[in-house]
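Here is a short tour for anyone who likes to see geometry spelled out with its cut-offs. Please keep the viewer open while you read.

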Amino acid sequence: MNGWSELDRFLRTDPSDVGCAEAMEMLHVYADLTAAGAPAEQRYPGIAAHLRACGPCSEDFEGLLAALRDQSG
Amino acid sequence: MPPVDPGGEGTRATAARLDPESAEWIQVLADTGPQREAGLARLHEMLVRIALSEVRRRGWQLRISGPELDDLAYQAAGDALLAITDKFAEFRGESRFTTWAYKFVIFNVSAKIGRHFWRNPSVSMDAEDWDRLPDRFGFEPEQEAEWRDLLAALHRAVDEELTPRQRRVFVAIVLNDVPLDTLVIELASNRNAIYKTLFDARRKLRAALATDGYLPDDHGRRR
């Protein structure tokens, strides 16, 4: 990916992005669905849009998924 | 927020519609005496394990290791346990109880990493080194002739289009690589508010660059 497309990707905003508060509120539900192989993105598109754009919430989501994998492993 | 009702009718009604493991956790937390103490010890042990894994997963961000990193994990697990015992009556059974509980420890690890950066900053929050921008977005030095005008236009838009707070947040996060959770502490704010400020800044900057023909508009057209 070159600088132009990376800058464009960073600046592009998704109107369906729900923001951190709602994503954090529902992150356990979204993570459980994802871990179970259910279509979390389709059920919660606004959270999916947020996780694509927000580094900290995306990092928390990855951490929660890793915890669930540890639990079942 | 539903009323707190540890061990009362609300807790029993919630426990009745949960999966068996989650229902058992709610009953244990609502209980009193040795059974609750044993349950709390078991939960704390699980939270410490998750916190230790999480700080190691994120260790590369921290520039700390060993006992200091473990200490951060134990603090996060302790704070998470307090939050869980305080809020378990609010658990609505939309996920497994353990997933809900792990969320608290993950959030606490994030907050403590943010605080660690705030106490040990690698760069001043208000420094402005625009020379870092090409590297930040992966612009190749040998192609500078192509992107020089674009980044000059971005700098101009940051100065002219953003409010002082949007500008401060943009500079800290984009130019200085300050973690968002650290900026939350610096500005005595919360993650949602800082994200929204940056979201609005991104939208304004993109619109300005599209108007000037540097980026395609929302329909993919260049002016």
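## About the model

This is a predicted model, in which local features need pLDDT of at least 70 and side-chain atom pairs count only at pLDDT 80 or more, while totals for chains, interfaces and linings use all residues. Residues are numbered from 1 along each chain as its sequence is written, and chains are lettered from A and ligands numbered from 1 in the order in which they are written.

## Two helices of chain B

Let us start with helix 4 (residues 66-87) and helix 5 (residues 97-119) of chain B, which pack with their axes 8 Å apart at an angle of about 135 degrees. Helices here are DSSP runs (H or I, at least four residues; strands are E, at least two), numbered from the N terminus. The axes are lines fitted to C-alpha atoms, for helices over the stretch in contact, and angles run from 0 to 180 degrees between N-to-C directions. The two helices of chain B are therefore oblique to each other; under 35 degrees counts as roughly parallel, over 145 as roughly antiparallel, 65 to 115 as roughly perpendicular and the rest as oblique. On the side of helix 4 of chain B, the contact residues include B:Leu72, B:Gln75, B:Asp79 and B:Ile84, and on that of helix 5 of chain B they include B:Phe104, B:Asn108 and B:His116. Contact means that C-beta atoms, placed from the backbone, lie within 7 Å. By type, the residues of this contact are 10 nonpolar, three polar and two charged. Nonpolar covers Ala, Val, Leu, Ile, Met, Phe, Trp, Tyr, Cys and Pro, charged covers Asp, Glu, Lys and Arg, and the others, Gly among them, are polar.

How are the residues of these helices covered? In helix 4 of chain B, the buried residues include B:Leu72, B:Ala76 and B:Ile84, and the buried residues of this helix pack against helix 3 (34-57) and helix 5 of chain B. Helix 5 of chain B is mostly covered, with 17 of its 23 residues buried. A residue is buried if 20 or more other C-beta atoms lie within 10 Å of its own, exposed if 12 or fewer, and partly exposed in between, with C-beta atoms placed from the backbone.

## Where the chains meet

Between the chains, 31 residues of chain A are in contact with 33 residues of chain B. Helix 5 of chain A gives the most to the side of chain A that touches chain B, with 11 residues. That side of chain A divides into 15 nonpolar, eight polar and eight charged residues.

## Single residues worth a click

B:Thr98 lies in helix 5 of chain B and is buried, with 20 other C-beta atoms within 10 Å. Its C-alpha atom is separated by 9.5 Å from that of B:Leu47, 51 residues apart along the chain. B:Arg167, in helix 8 (residues 164-175) of chain B, is partly exposed, with 17 other C-beta atoms within 10 Å. Not counting residues up to four places away in sequence, B:Arg167 touches B:Val158 and B:Leu162.

B:Asp177, though, has a positive phi near 60 degrees, and B:Ala188 has a positive phi of about 50 degrees. B:Asp177 is exposed, with 12 other C-beta atoms within 10 Å, and B:Ala188 is exposed with 6.

Technical notes
Contact = placed C-beta atoms within 7 Å.
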